[in-house]
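This briefing is meant for someone meeting the structure for the first time. Please look over the sequence and the model, and then read the points below with both at hand.

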Amino acid sequence: MKVYPPARCLFFGILAIWTFFADAQQDVYFRIANSTSMASDSLLPFWFTANRQGKAMPDNWLLNLTDIEVGQPYDNSGLAWTHTWGVNAVAGLGNNNYYQLNQVYAGVSWKGWELKAGRISEDIQYAGLSTTNGNLARSGNARPYPKVVIRTRDFKPVFNKRIGFKAEYSEGILNDKRFVKNARLHQKSLYLRIELPQRWEVQAGLEHFVLWGGISPVEGKLPSGLKDYIRYITGSSGDESFPETDQRNVAGNQLGTYQIKVSKKFHAMDAVFYLSHPFEELSGLKWRNLPDNLVGMHLSFSDKNRWITDVVYEYTNTRQQSIRGTNDDPDPGNYFRHGIYRSSFTYHQQIMGSPLFFPLVLDEGIVRGLLSNRFYAHHVGLRGALTDYLQYKGVITRISHLGLYTAPFAPSRGQISGLWTLQYLNPGFPVAINLSIAADAANATNNNFGMQIGLTKEF
């Protein structure tokens, strides 16, 4: 008989109690979906697996995926105290079968402050058309990792309603098969929002991540005491108990993004400009890698029955990485690569940031870095309604990979990846039907074509 740790038993016990005594005024939702995907290559096309929360593993040419979700959202009727919970189970049958609890969480909220624990997915931004949810370091690409988070559910007013802040602080564990076993992941963020006349709005924020602790096959057990933890979360250098590279630089694998968003509400359309600027350690924090950004625009139309309801364009560039000359910083940003935490910012063999960082280097199922983290890409996404019951989504991405500064590609390797999805959703029909085609054409990976059919039912 399998014995679970006490903390896990307590979590599932609380979840069961909340499920049993759920407030009848809060709807419990249930969703079940099944899809079958097939590809002409040994792997599924890029957009059949990217930004799917790690549900669709790419190492299949034929995959039947069953996705079941049940949960209870927060009561937004104005109560001071409210709670939420959810479970999401996935079964994939293909070349390599797998079963996983993709999400399992419980949370409580008091006056807009939230305490939540479990595997928690990221909220979808920009109508699901962005390459990385508008954030180079925080996408919905990988499977959610276990964490405990305290945060504001939305912006809280400061002085008046026109100025607000949003904050988050979390600690998690990367318990997958990786180079540094059981590495911890610290995350915090702070955003400010200013509402301006004529329905303009400006948001600016900072996201900070630190991989710390764990057991390295090279360095042994890495520092994880309270004093060490303070060094990690403040971006300080390590003391004599840390590896030499952490003493010369900063403790752990530090990375993050600056986030800027400017939005304007028009009569029949909302327009949003957003920028995500990456940093790894001090050079990026000082904007020495100024050319490296994700820059995007999202147009959302009020009439959701028109042919085009949402448009996204994004340009991503990661080529500079603080390199400005041979005598400059000898240890540049080097995005999503680290000498100690060699599996870096991945979970279950998928990047937790932008999925455009590929391909990964695998050794016996363990990620040991990237073949390329220098690239530039153009991306366009569209959503709309062809009829009252027939909606579509389309994305196309053109990316050019240059390899690493230490191992450049010669010549560069390009790829064009596209996806087109049609959904039939009629209240008088028992299920929603999805038909999709996707393709990759390039020399970054093999040419590939895929088809997918899916059925979804929500209660």
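A charge is said to sit over a ring if NZ of Lys or CZ of Arg is within 6 Å of the ring centre and within 35 degrees of the ring normal. The charged end of Arg374 is placed in this way over the ring of Tyr405, 4.0 Å from its centre. The model is a predicted one, and the points that follow go from the overall fold to particular residues.

**Overall fold**

- The protein chain contains five helices and 25 strands, and its radius of gyration of 22 Å is close to the 23 Å that the globule rule gives for 459 residues, so the chain is as compact as a globular protein of that length.
- The C-alpha trace spans about 65 × 60 × 50 Å along its principal axes, and buried residues make up 48% of the 459 residues in the chain.
- Of the contacts in the chain with a separation of 6 or more, 61% are accounted for by residues 24 or more positions apart.

- In soluble globular proteins, nonpolar side chains tend to be buried together.
- The largest nonpolar core here has 57 residues, and those with the most contacts inside it are Leu185, Tyr341, Phe345 and Met352; the largest share of this core, four residues, is contributed by strand E10 (residues 200–212).
- Once its neighbours within four places in sequence are set aside, Leu185 has contacts that include Tyr145, Leu174, Phe209, Leu211, Trp212, Phe345 and Met352.
- Thr316, which belongs to strand E16 (residues 310–317), is buried, with a relative accessible area of 2%.
- Not counting residues up to four places away in sequence, Thr316 touches Leu136, Asn293, Leu294, Leu356, Phe375, Tyr376 and Ala377.

**Aromatic rings and charges over rings**

- The structure holds 19 aromatic pairs, and one of them joins Phe336 and Phe345, whose ring centres are 5.6 Å apart with the planes at 10°, so that this pair is stacked; both Phe336 and Phe345 are buried.
- Phe336 also pairs with Phe357, the ring centres being 4.6 Å apart and the planes at 75°, so this second pair is edge-to-face.
- This pair links distant parts of the chain, since Phe336 lies in the loop between E16 and strand E17 (346–347) and Phe357 in the loop between strand E18 (350–351) and strand E19 (360–363), 21 residues apart; Phe357 is buried, as is Phe336.
- Ring pairs link Phe209, Phe336, Phe345, Phe357 and Phe375 into a cluster.
- Another charge over a ring is that of Lys166, which lies over the face of Tyr191 at 5.6 Å from the ring centre.

**Salt bridges**

- Side chains of opposite charge can pair when their charged atoms come close.
- A search of the whole structure finds 16 salt bridges, among them one between Glu168 and Arg138, with the closest N and O atoms 3.0 Å apart.
- Glu168 lies in strand E8 (residues 160–174) and Arg138 in the loop between strand E5 (113–119) and strand E6 (146–152), so the bridge ties together parts that are 30 residues apart in sequence; both of these residues are buried.
- Arg178 and Asp176 likewise meet in a salt bridge, at 3.0 Å from N to O, and each of the two is buried.
- Arg248 and Glu244, in contrast, are both exposed, and their salt bridge has its closest N and O atoms 4.0 Å apart; the two stand four residues apart in helix H4 (residues 244–248), separated by about one helical turn.
- Salt bridges that share partners join Glu114, Lys116, Glu122, Arg138, Arg151, Glu168 and Glu207 into one network.

**Backbone details**

- A cis peptide bond, with omega about -5°, joins Phe358 and Pro359, and Pro359 lies in the loop between E18 and E19.
- A cis peptide bond with omega about 0° joins Ala410 and Pro411, and Pro411 is placed in strand E23 (residues 408–424).
- Tyr126, although not a glycine, has a positive phi of about 55°; Tyr126 is found in the loop between E5 and E6 and is buried, with a relative accessible area of 12%.
- Asn182, also a residue other than glycine, has a positive phi near 55°; Asn182 sits in the loop between E8 and strand E9 (183–196) and is partly exposed, with a relative accessible area of 29%.

Key:
Residues are numbered from 1 along each chain as its sequence is written. This is a predicted model: local features need pLDDT of at least 70, side-chain atom pairs count only at pLDDT 80 or more; totals for chains, interfaces and linings use all residues. Side-chain values use heavy atoms; hydrogens and water are left out. A salt bridge is a side-chain nitrogen of Lys or Arg within 4 Å of a carboxyl oxygen of Asp or Glu. Buried means under 20% relative accessible area, exposed over 50%, partly exposed in between (1.4 Å probe, protein chains only). A nonpolar core is a set of buried Ala, Val, Leu, Ile, Met, Phe, Trp, Tyr and Cys residues joined through side-chain atoms within 4.5 Å. Contact means heavy atoms within 4.5 Å. Rings of Phe, Tyr and Trp (its six-membered ring) pair if their centres lie within 6.5 Å; planes under 30 degrees apart count as stacked, over 60 as edge-to-face and the rest as tilted. The radius of gyration is taken over C-alpha atoms; the globule rule is 2.2 Å times the number of residues to the power 0.38.
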